[in-house]
Amino acid sequence: MEVRISPTWKEQLQQEFDKPYFQQLIAFVKSEYQKHIVFPPGKLIFNAFDLCPFPEVKVVIIGQDPYHGPGQAHGLCFSVPDGIPVPPSLRNIYKEIENDLGIAAPASGNLVRWAKQGVFLLNATLTVRAHQAGSHQKKGWEIFTDAVIQRISDQKEHVVFLLWGAYAHNKTALIDQSKHLILKSVHPSPLSASRGFFENHQFSLANSYLKKHGLEPIQW
């Protein structure tokens with residue numbers, strides 16, 4: 001299975017790739033792709049890492065699972081390819097960007113434009129069986145993505161971490177808050193967004209922090 005991943009990430013994560021748990025994880029994932037319909041397409045499993053090279057990471061958004069419906073997942077959390085209906089959580093994200101920055105919601109849910117500006121759109125689990133949410137959890141992906149978050153925290157400074165919902169909040173311990181900014185809120189899903197996602201101004205706060213540290217703000 002050929003995957004695309006930026007060489008800058010390969011260099012950062014080679015030690016992780018060599019560990020026994022990761023070898024077991026890859027064997028599991030290959031077997032799943034052979035036996036079942038699994039998302040995203042194999043070559044896009046590391047799409048977030050390919051589109052946003054390690055030196056360019058400025059903002060990290062953490063999701064949980066890839067979308068498990070046909071055509072939705074393409075390796076970036078909350079994002080769907082052009083032509084796929086915008087999912088409810090992303091609609092709420094767009095709504096808050098409009099509240100916060102006055103930017104009208106685009107028609108497409110494709111967030112590649114964010115990734116190319118340094119927004120690292122990381123799902124904690126990078127693969128999923130079709131129509132079975134959570135089916136690839138606790139197989140090793142979370143060990144790997146926790147190591148990724150820790151690596152960003154250790155090796156970089158002035159990164160904004162947007163942690164939405166209890167699952168993402170649990171990643172706080174991996175991040176050095178003395179040199180990074182953590183912005184927390186409830187999850188943007190329709191079940192919780194009205195309890196504090198709206199009016200949290202995280203997108204303008206993120207840009208203010210980046211500008212303060214001499215970094216280009218994100219065109220949300």
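Visitor: What makes helix α4 and helix α8 a packed pair?
Guide: Helix α4 (residues 88-101) and helix α8 (residues 202-212) have axes 8 Å apart, at an angle of about 65°. Axes here are lines fitted to C-alpha atoms, for helices over the stretch in contact, and angles run from 0 to 180 degrees between N-to-C directions. Ile93, Glu96, Ile97, Asp100 and Leu101 of α4 meet Gln202, Phe203 and Ser204 of α8, where contact means heavy atoms within 4.5 Å. Helices are DSSP runs of H or I with at least four residues, strands are runs of E with at least two, and both are numbered from the N terminus.

Before we go on: this is a predicted model, where local features need pLDDT of at least 70 and side-chain atom pairs count only at pLDDT 80 or more, while totals for chains, interfaces and linings use all residues. Residues are numbered from 1 along each chain as its sequence is written, and side-chain values use heavy atoms, with hydrogens and water left out.

Visitor: How do you know whether cysteine 52 is buried or exposed?
Guide: Buried means under 20% relative accessible area, exposed over 50%, and partly exposed in between (1.4 Å probe, protein chains only). Cysteine 52 has 0%, so it counts as buried. Cysteine 77, at 1%, is buried too.

Visitor: Why is the pair of phenylalanine 22 and tryptophan 141 called what it is?
Guide: Rings of Phe, Tyr and Trp (its six-membered ring) pair if their centres lie within 6.5 Å; planes under 30 degrees apart are stacked, over 60 edge-to-face, the rest tilted. Phenylalanine 22 and tryptophan 141 sit 6.4 Å centre to centre with 80° between the planes, making an edge-to-face pair. Phenylalanine 22 is in helix α2 (residues 20-35) and tryptophan 141 in helix α6 (residues 141-155), 119 residues apart. Both residues are buried.

Visitor: What about phenylalanine 197 and phenylalanine 198?
Guide: That pair is edge-to-face as well, at 6.1 Å and 75°. Phenylalanine 197 is buried at 0%, whereas phenylalanine 198, at 22%, counts as partly exposed.
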